Amino acid sequence: MPKVSVLIPVYGVEKYIRRCAVSLFEQTLEEVEYIFVDDCSEDKSISVLEETIERFPNSYAKVKILHHSENRGSAAARNTALNMATGEYIIVIDSDDFIESTMLEDLYNSAIDDMADIVVSDYWVDFKDRTVYKKQKAPTTGYECLKALLRGELHVSTSNKLVARKLFIDNNIFHYEGLNFSEDMSVLFRLFYYARKVSYLPHAYLHYVQYNTFSYTTTISENSRKNIIRLVDIVETFFQVNKIQDNDLWRDIDYYKLSVKSILLVSCSKEERGQYCNIYNDSVQYLCQHPTLPFHYKCIVLLASKNKISLLNQLLGIFALMKRLLK
């Protein structure tokens, strides 16, 4: 059994996959399997990957390349890889990102030493002109991490988290096919709910690339906004089915809804904005208490909830202008 299975969906990353693959094959941890899933990429991503593998003959036996017969999206690609994984622990690395050479060894050793279900580490955000260090705040229990996730205190990504494979298997956790925006959150909230012990490493290993213009996270389309709304329903239904009585956790779900509402309002066009003004208005009573939502986002949500669309559009126009000037 490999110690770690790395799951890597591949689509439209011809410019980035070589760097990603090299960072994986140069890992100091030996007992690793790498599962790449070609989601019918139309560019030369797989050719570049195969050329890169040729440079690392010692990695031949560790690599699997699976192919979808049609494009099904990132969530389905992750499920395909997850179903083939045999490692003790799982991590998902997007094929336009890359990682430091000791990441897998350090996270795995931490998991074993602490007997942890999940290990969380810091990460880097890579822009074209700068790199920003992002420190995490990870409590030692899955339940408290779940709350931090909903409050926006913990990064919503699986790529800086090593997860015990049994956590997926024992609790039937999978990605929702078709949910290709916020797909990390769709599994993370359940993983933390069922996790007992969480370990934290105060060191950044993941380079989270922000300049791939074809990435799902670069622009938020109408379909992506539908995905976000669907995910809120999934989260809420999960806690209803599990009959959660913790008022603090339900308050954190309200915080999550408010964060989502701000994203919907900021990412849509002026013509679409009206349809999001009244969404999650029951949660607006907790707006001032939101621990992580920036002040200007709180203003946006408040104006929308009062249907002050003209003022809202003016404010968003000012923010857009300031952003362009800062660039």
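At 8% relative accessibility, Lys147 counts as buried, where buried means under 20% relative accessible area, exposed over 50% and partly exposed in between, using a 1.4 Å probe and protein chains only. This is a predicted model, in which local features need pLDDT of at least 70 and side-chain atom pairs count only at pLDDT 80 or more, while totals for chains, interfaces and linings use all residues. Residues are numbered from 1 along each chain as its sequence is written, and side-chain values use heavy atoms, with hydrogens and water left out.

Lys147 has its place in helix α5; helices (H or I, at least four residues) and strands (E, at least two) are DSSP runs, numbered from the N terminus. Leaving aside neighbours within four places in sequence, Lys147 is in contact (heavy atoms within 4.5 Å) with Asp246, Asp248, Leu249 and Asp252. Lys137 is exposed, with a relative accessible area of 55%. Residues up to four places away in sequence not counted, Lys137 touches Ala148, Glu153 and Leu154.

We turn next to the nonpolar interior. A nonpolar core is a set of buried Ala, Val, Leu, Ile, Met, Phe, Trp, Tyr and Cys residues joined through side-chain atoms within 4.5 Å. The largest nonpolar core has 58 residues, of which Ile118, Phe189, Leu191, Phe192 and Phe239 touch the most other members. Helix α8 (residues 222-241) gives the most to this core, with seven residues. Apart from this core lies another, of 40 residues, with Val32, Val63, Ile93 and Tyr108 among them. Helix α7 (residues 183-194) is mostly covered, since ten of its twelve residues are buried; among these are Glu183, Asp184, Arg190 and Phe192. Beyond its neighbours within four places in sequence, Phe192 has contacts that include Ile118, Val120, Tyr143, Leu149 and Val198.

Helix α8 also has a partner to look at. The axes of α8 and helix α9 (residues 247-267) are 10 Å apart, and the two helices pack at an angle of about 170°. Here axes are lines fitted to C-alpha atoms, for helices over the stretch in contact, and angles run from 0 to 180 degrees between N-to-C directions. The two helices α8 and α9 are therefore roughly antiparallel to each other, as angles over 145 degrees count as such, with those under 35 roughly parallel, 65 to 115 roughly perpendicular and the rest oblique. Residues of α8 including Ile228, Val232 and Phe239 meet residues of α9 including Trp250, Tyr256 and Leu264. Tyr280 lies in the loop between α9 and α10 (295-305) and, at 14% relative accessibility, counts as buried. Tyr280 touches Ile229, Val232, Lys257, Val260 and Lys261, not counting residues up to four places away in sequence.

Seven of the seven residues of strand β2 (residues 32-38) are buried, so β2 is largely enclosed by the rest of the structure. In a regular strand the side chains alternate between the two faces of the sheet. From β2, Val32, Tyr34, Phe36 and Asp38 point one way, while Glu33, Ile35 and Val37 point the other way. Strand β1 (residues 4-10) pairs with β2 in the parallel sense over seven bridges; two strands pair if DSSP finds at least two bridges between them. Pro9 stands opposite Val37 in β2.
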